[in-house]
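Please look at the sequence and the three-dimensional structure shown here, and keep both in view while reading. The paragraphs that follow lead from one local feature to the next.

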Amino acid sequence: DLHGGVIDANTYFHMGTREEGVGGGGIGTMDITEGILKVAPAEIEGTPMPDITISYIRDCINKGWITLYGGSGDYILDYNDVINRVVLTAYLDPNKAHGASPKHGSTGIPPEVTFSWTPGANVQDVNGHAFYLGTDFNDVNNATSTNHPNVQYYLLDANSIGPFVLDLNKNYYWRVDEINDTHPDQLWKGHTWTFQTSVYAIVDDFEAYDPCTNPLTNTWTASGSAQLALETATVHGGSKAMSIAYDDTADAVASRSIANEDWTIGGRKALYIWCNADPNADILAVQLNNSGVEQTVSGVGLTTGWQELKFDLADFGVDLTNVSSISVKVTATSGGSGTVYIDDIRLYPCRPGALAADLNGDCQVDFKDFAIMTQNWLKKKYWP
């Protein structure tokens with residue numbers, strides 16, 4: 001981030017994401033406030049071609065690889081032939097909305113979103129903020145108070161609004177115009193900010209539990225042969241998981257109440273559970289709302305280390321708009337006992353197997369899946 005001073009790129013200058021970096025996009029992002037970026041112009045046969053470099057930097061800004069004041073600033077981009085540099089400087093218009101939350105360009109935002117911002121210096125107290133929200137950049141960027149197709153529009157007194165319940169794994173765009181009918185300018189059109197909601201919603205990742213202040217057993221209840229504990233050594237993600245010790249005297253059940261949640265919002269369609277079991281765990285069953293309808297995994301499907309068990313929510317046969325509990329049951333082999341570890345219970349917007357090329361199970365087909373494919377390329381023989 002360039003929050004003061006000067007960066008002088010006198011050879012190559014590339015920005016961008018890792019996915020788009022292959023073949024020339026580069027890797028990295030930059031936010032500029034008080035600093036100055038100088039870039040040597042591209043040359044063709046020794047002749048400076050500043051227009052090429054100016055076009056590239058403007059493209060970096062449009063793609064969000066370079067931001068100005070966190071997405072709230074404007075910029076001056078020009079060529080200085082005295083120093084033979086393309087020069088980018090940022091400035092902040094105090095009359096525009098700034099300080100966006102969610103932050104411009106952020107990812108993994110939970111789908112229950114409250115928007116807020118720092119108001120402009122001259123905004124009026126009543127109906128001073130025009131708020132726009134949508135899923136298409138052009139729709140939001142071009143929207144007006146009288147013409148805003150496919151965009152949610154609100155005229156507000158306060159510099160916040162929400163919460164909205166948004167779809168999982170989707171890009172959203174939003175804008176705030178500041179208004180003062182008594183000022184000569186009357187309206188300051190805001191920047192169009194963007195963020196991406198999280199790929200999944202968390203049911204329980206076990207990170208919030210603490211043996212002293214928030215014991216696991218205050219939320220999860222054991223029955224049958226189950227003995228529950230907060231695990232810190234064998235985990236899938238983060239630093240904590242839940243262990244279920246079991247034996248063959250009775251099924252081991254771990255269950256917890258849920259505050260009558262709507263599991264359909266945000267396009268949720270699947271329940272994924274990370275599980276690590278030993279060979280004595282014969283069957284693992286999951287149940288919602290104590291309905292008696294179980295989804296099960298058995299045998300070898302439980303004994304390959306950490307794995308993601310995937311269940312179609314529609315198969316549970318319950319009212320998914322009012323989920324009140326979840327339980328995980330382990331059935332032991334005859335004479336068997338052991339421990340099953342559970343972590344990262346999540347809700348996803350795609351059903352298991354819905355995307356054939358979704359190799360890493362994140363409900364989207366992208367560069368990450370391509371990377372998995374290339375890593376395993378020709379590892380097996382498919383010829384006679």
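Arg-175 lies over the face of Tyr-132, with a distance of 4.3 Å to the ring centre. A charge is counted as sitting over a ring if NZ of Lys or CZ of Arg is within 6 Å of the ring centre and within 35 degrees of the ring normal. Arg-346 is placed over the face of Tyr-200, at 4.0 Å from the ring centre. The model is a predicted one, in which local features need pLDDT of at least 70 and side-chain atom pairs count only at pLDDT 80 or more, while totals for chains, interfaces and linings use all residues. Residues are numbered from 1 along each chain as its sequence is written, and side-chain values use heavy atoms, with hydrogens and water left out.

Rings may also pair with one another. A pair of aromatic rings is described by the distance of the centres and the angle of the planes. Here, rings of Phe, Tyr and Trp (its six-membered ring) pair if their centres lie within 6.5 Å; planes under 30 degrees apart count as stacked, over 60 as edge-to-face and the rest as tilted. How many aromatic pairs does the structure hold? The structure holds 19 aromatic pairs. In one of them, the ring centres of Phe-131 and Phe-164 are 6.0 Å apart and the planes meet at 25 degrees, so this pair is stacked. The pair links distant parts of the chain, since Phe-131 belongs to strand 12 (residues 129-134) and Phe-164 to strand 14 (residues 160-165), 33 residues apart. Helices (H or I, at least four residues) and strands (E, at least two) are DSSP runs, numbered from the N terminus.

Most residues other than glycine have a negative phi, and most peptide bonds are trans. The peptide bond from Gly-162 to Pro-163 is cis, with omega near 5 degrees, and Pro-163 lies in strand 14. Another cis peptide bond joins Ser-101 and Pro-102, where omega is about 10 degrees. Pro-102 is found in the loop between strand 9 (98-101) and strand 10 (106-109).

Two residues other than glycine illustrate a positive phi: Phe-206 has a value near 70 degrees, and Asn-290 has one near 50 degrees. Phe-206 is in the loop between strand 18 and strand 19 and is buried, because its relative accessible area is 0%. Asn-290 lies in the loop between strand 24 (281-288) and strand 25 (294-298); this residue is exposed, because its relative accessible area is 62%.

The loop that holds Phe-206 also contains Thr-217, and runs between strand 18 (201-204) and strand 19 (220-224). Thr-217 is partly exposed, with a relative accessible area of 49%.

The next topic is the second largest pocket. On a 1 Å grid over the protein atoms alone, a cavity is a set of points where a 1.4 Å probe fits but cannot get out, and a pocket is an open set with protein on both sides within 12 Å along at least five of seven lines; lining residues have an atom within 4 Å of a point. Grid points are joined across faces, edges and corners, and a volume is the space filled by probe spheres set on the points. The second largest pocket has about 200 Å³ of space. Among its lining residues are Thr-11, Tyr-12, Phe-13, His-14, Tyr-56 and Ile-57. Helix 2 (residues 50-62) gives the most to this lining, with four residues. By class, the lining has nine nonpolar, three polar and no charged residues. In this scheme Ala, Val, Leu, Ile, Met, Phe, Trp, Tyr, Cys and Pro count as nonpolar, Asp, Glu, Lys and Arg as charged, and the others, Gly among them, as polar.

The cysteines come last. A disulfide is a covalent bond between the sulfur atoms of two cysteines. With the rule that a disulfide is a pair of cysteine sulfur atoms within 2.5 Å, the count is zero. Cys-60 is buried at 0% relative accessibility, whereas Cys-212 is exposed at 71%.

Definitions and conventions: Buried < 20%, exposed > 50% of the residue type's maximum accessible area, 1.4 Å probe, protein only.
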